[in-house]
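The sequence and structure are shown here for reference.

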Amino acid sequence: MYFAENLKTLRTNNHLTQEELAKWMNLARSTIAGYEKKGRQPSYEVLERLAGFFHVSVDYLLTGRESGYRGSDPKWGQSEVCSVCWRRTKR
C-alpha cells in the first residue's frame, strides 16, 4: 500500500468524508481527493499534520509500515481528534 491508499483507508476507517478531513486539515476537499487518487503529493508539513491527526507515523502514511516515531503536532490535540473519530463510530 502507498500513501493514497493509506490515507483513504485511515479516513474511511475513521468514518470521515473527504470534506470533513479537509476542514480539519484546513485544505480544500479537492486537495484530499487529489491525494487519494495518487495525482497529488502533500508537503512534508501536511504529512506531519495528517500523521498527528490519525496518530500514526509519517512512515506509516507513506509505506503502510509503522516506525517507532509518532508524528505529533500540538495543534492537533489527541483528545480533540479522537473525539471526532469516536463520534463518527457511534453513528
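## Confidence of the model

The model is predicted, and the protein averages a pLDDT of 81, with 71% of the residues scoring at least 70. Confidence is highest in helix α2, at a mean of 97, and lowest in helix α6, which spans residues 78-89 and has a mean of 50. Over residues 76-81 the pLDDT stays under 50, and for this stretch the model has ten contacts beyond four places in sequence.

## Helix α1 and its partners

Helix α1 runs over residues 3-13, and its buried residues are F3, A4, N6, L7, L10 and R11. These buried residues pack against four other helices, namely α2 (18-25), α3 (29-36), α4 (44-54) and α5 (58-63). Just after α1, H15 takes a positive phi of about 55°.

The side chain of N6 reaches the backbone oxygen of L61 at 3.0 Å.

## The nonpolar core

The largest nonpolar core has 18 residues, and those with the most contacts inside it are F3, L7, L21, L50, F54 and L61. Helices α1, α2, α3, α4 and α5 are the elements that give two or more residues to this core, and α4 gives the most, with six residues.

When residues up to four places away in sequence are not counted, F3 touches Y35, Q41, P42, L47, L50, L61 and L62. Two of these partners, L50 and L61, are themselves listed with F3 among the core residues that have the most contacts.

## Two salt bridges

A search of the whole structure finds two salt bridges. In one of them the side chains of R11 and E36 meet at 2.6 Å, N to O, a pair that links distant parts of the chain, with R11 in helix α1 and E36 in helix α3, 25 residues apart. Both R11 and E36 are buried.

The side chains of E45 and R49 also meet in a salt bridge, at 3.6 Å, N to O. Because E45 and R49 are four residues apart in helix α4, they are separated by about one helical turn. E45 is exposed, with a relative accessible area of 52%, whereas R49, at 9% relative accessibility, counts as buried.

Technical notes:
Residues numbered from 1 in each chain as written. Predicted model: local features only at pLDDT ≥ 70, side-chain atom pairs only at ≥ 80, totals over all residues. Heavy atoms only, no water. Buried < 20%, exposed > 50% of the residue type's maximum accessible area, 1.4 Å probe, protein only. Contact = heavy atoms within 4.5 Å. Core = buried A, V, L, I, M, F, W, Y, C linked by side-chain atoms within 4.5 Å. Polar contact = N/O pair within 3.5 Å; in protein donor to acceptor, adjacent residues only side chain to side chain. pLDDT = per-residue confidence, 0-100. Salt bridge = Lys/Arg side-chain N within 4 Å of Asp/Glu carboxyl O.
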